[in-house]
Amino acid sequence: MTEPQSLTLFNSLTRQLEPFQPVHAGEARVYTCGPTVYNYPHIGNMRAYVFADILGRTLSHRGYKLTHVINITDVGHLTDDADAGEDKMEKMARAQAQSIWDIAEHYTQAYWADIKALNIRQPAKWSIATDYVPQMIEFAEKIAPTHCYELESGLYFDVSTVADYGRLARAVTDEGEGRIEAVEGKRNAADFAIWRKTPAGEKRQMEWDSPWGRGAPGWHLECSVMSGDLLGFPFDIHTGGIDHREIHHPNEIAQNQAFCCKPNDACGLDVPANSGAKIWMHNNFLVERSGKMSKSSGEFLRLQLLIDRGYHPLGYRMMCLQAHYRSELEFSWDGLAAALVRLKRMIIVVERLREVEAGDRAHPKLAPMLEIFEKAIGDDLNTAVALTALEDVLAAKKVDPAAKRAAIEAMDSVLGLNLFGTARADLRLRPKTAEITEAEIEDVLARRKAARAEKDFATSDALRDELAARGVEAMDGDPLGWEWKLG
């Protein structure tokens, strides 16, 4: 077995770039915080899974045997990302007058549909929180005597019992403390629920018996249990959105320390493995200026809305890849359109290679571009630079087509744009509001093409204006044929 190529990743826990050194030789074990399935994910949520997919693809490309786990939170997540408010699942079930189990199933399927549309690879395991409740109770029983205390509302973790609490977030800020639920009797403001008792006189759709009364596990407990159970402590990499870095992941880390460390051992976070994962990675926010990123805004920006407006999901994937995962990414419709055009130009080149059988990508002209690509993805997943290297390969002249195809396939195995599996026509989606059919458009374009061939420019212009009046832009500058788009 050849030694995997070098890979450097930014560890949020140490705030440093670090070489990836697996816990188990030749393996990479990764856990990604998945969705709470009470509503559709918005495109900002989906950026986290594009990022995690690029990480997983890079690890596979580098030669590691990848085990990637993504969880589905179907119980226990409250209405904000700390510890306050009603349970999101219970609240949505009441609002829609449905079983909480039906709510979970519907939105899980919707999330999986988005995963497929964005060409995100399936993980080794989807871990469903409600399947692990017995293990959660066992985990809590182990840490409770030393690290927890009981209140009327449930079992709480005392954050003062572990070393370096909050280091991932660089201490709990005043703003962070404002997001944590104030509970009568809590020893420390940052203490959090391990188990939530069902209030007297109430009955929830999801509740279980425990040593602390009937109730449900705390959200933070779920990820500690599922990651440890499926990957073993310590595992290699834990990923999530940057919003998890301030409360959810510090609480996970505290639980992992409590579970893994023996009494009287030095369990501080100077040794990152004590956190449960050697490396913690976080993607930055997707910023949208109109305020439609929040699910409370009604018609929030979910992937289906992009599709309904005629934008292929791979255009959004391209948009994500154009920025480094640790940078904020601003969403705009113009930016999405530009990303889609960039993707289309790549596929125009690839379509000429579809009948070519891939050969050896080792070609003198391609070697420098492949080296730039490998260096870019090895440098903390620099997909922006990797994309330009791919474009240089696509533009390369006087190169053996078999070598060119092999190089493009290798690059695309990391970037996941599905270049050889997507036709240019696939990228042209009909907006939901469009009244004109594709057949009608093609008929007018055919007549317009005939008029231009006969130099009847008056008729050609009239047909172009007819299309424009119905929301269709004829793109005369397309070098490979008559293209159009719906506005």
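Modeller: The sulfur of Cys33 lies 3.8 Å from the closest cysteine sulfur, that of Cys223, which is too far for a bond, since a disulfide is a pair of cysteine sulfur atoms within 2.5 Å. Cys223 is likewise in no disulfide. This is a predicted model, in which local features need pLDDT of at least 70, side-chain atom pairs count only at pLDDT 80 or more, and totals for chains, interfaces and linings use all residues. Residues are numbered from 1 along each chain as its sequence is written, and side-chain values use heavy atoms, with hydrogens and water left out.

Cys33 has 6% relative accessibility and therefore counts as buried (under 20% relative accessible area; exposed is over 50%, partly exposed in between, with a 1.4 Å probe and protein chains only). Cys223 is buried as well, at 1%.

A search of the whole structure finds 1 disulfide. Cys261 and Cys267 form it, with their sulfur atoms 2.3 Å apart. The link of Cys261 and Cys267 is left-handed, with -135 degrees about the S-S bond, and both cysteines are buried.

Now the charged side chains. A salt bridge is a side-chain nitrogen of Lys or Arg within 4 Å of a carboxyl oxygen of Asp or Glu, and the count by this rule is 19. Glu207, buried at 11% relative accessibility, meets Lys203 in one of them, at 3.2 Å from N to O. Lys203 is exposed, at 68%. Glu207 also bridges to Arg214, again at 3.2 Å, and Arg214 is partly exposed, at 36%. Salt bridges with shared partners join Lys203, Glu207, Asp209 and Arg214 into one network.
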